Amino acid sequence: MATLTIRNVPPKVVKSLKTVARQNRRSMEQEVRDLLEAHVAERASVLKQIEASWLKQSKRPSAAEIDAAI
């Protein structure tokens, strides 16, 4: 497994992480791992939903149509 080093984390964030970890009876390190894993899983799920929606469309918008809508 990879090791991450995160520098310059604001003290308020560290304090909040410690509090949440304590409430969940986990180490702060485990709490951060779980948060990262959940975030990545949620993002992957949303991307799959978007892809499924695109596959259901009979006509996809062109780049020009997307730019015009924005």
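In this predicted model, Arg 26 counts as partly exposed, its relative accessibility being 32%. The side chain of Arg 26 takes part in a salt bridge with the side chain of Glu 31, in which nitrogen and oxygen lie 2.9 Å apart, and it also meets the side chain of Asp 34 in a salt bridge with an N to O distance of 2.8 Å.

A search of the whole structure finds three salt bridges, and among them is one between Arg 33 and Glu 29, whose closest N and O atoms are 2.9 Å apart. Both of these residues belong to helix α2, which spans residues 28-56, and because they are four residues apart in this helix, about one helical turn separates them. Arg 33 is partly exposed, with a relative accessible area of 38%, while Glu 29, with a value of 57%, lies over the 50% limit and is therefore classed as exposed. Through salt bridges that share partners, Arg 26, Glu 31 and Asp 34 are joined into one network.

The packing of the helices was examined next. Two packed helices are described by the angle between their axes together with the distance between those axes. Helix α1, formed by residues 11-23, and helix α2 have axes that come within 8 Å and cross at roughly 95°. Because an angle from 65 to 115 degrees counts as roughly perpendicular, α1 and α2 are described as roughly perpendicular to each other.

On the side of α1, the contact involves Val 14, Leu 17, Lys 18, Val 20 and Ala 21, and these residues meet Met 28, Glu 31, Val 32 and Leu 35 of α2. Sorted by class, the contact of α1 with α2 comprises seven nonpolar residues and two charged residues, with no polar residues. Lys 18 in α1 and Glu 31 in α2 are the charged members of this contact.

Technical notes: Residues are numbered from 1 along each chain as its sequence is written. This is a predicted model: local features need pLDDT of at least 70, side-chain atom pairs count only at pLDDT 80 or more; totals for chains, interfaces and linings use all residues. Side-chain values use heavy atoms; hydrogens and water are left out. A salt bridge is a side-chain nitrogen of Lys or Arg within 4 Å of a carboxyl oxygen of Asp or Glu. Buried means under 20% relative accessible area, exposed over 50%, partly exposed in between (1.4 Å probe, protein chains only). Helices (H or I, at least four residues) and strands (E, at least two) are DSSP runs, numbered from the N terminus. Axes are lines fitted to C-alpha atoms, for helices over the stretch in contact, and angles run from 0 to 180 degrees between N-to-C directions. Angles under 35 degrees count as roughly parallel, over 145 as roughly antiparallel, 65 to 115 as roughly perpendicular and the rest as oblique. Contact means heavy atoms within 4.5 Å.
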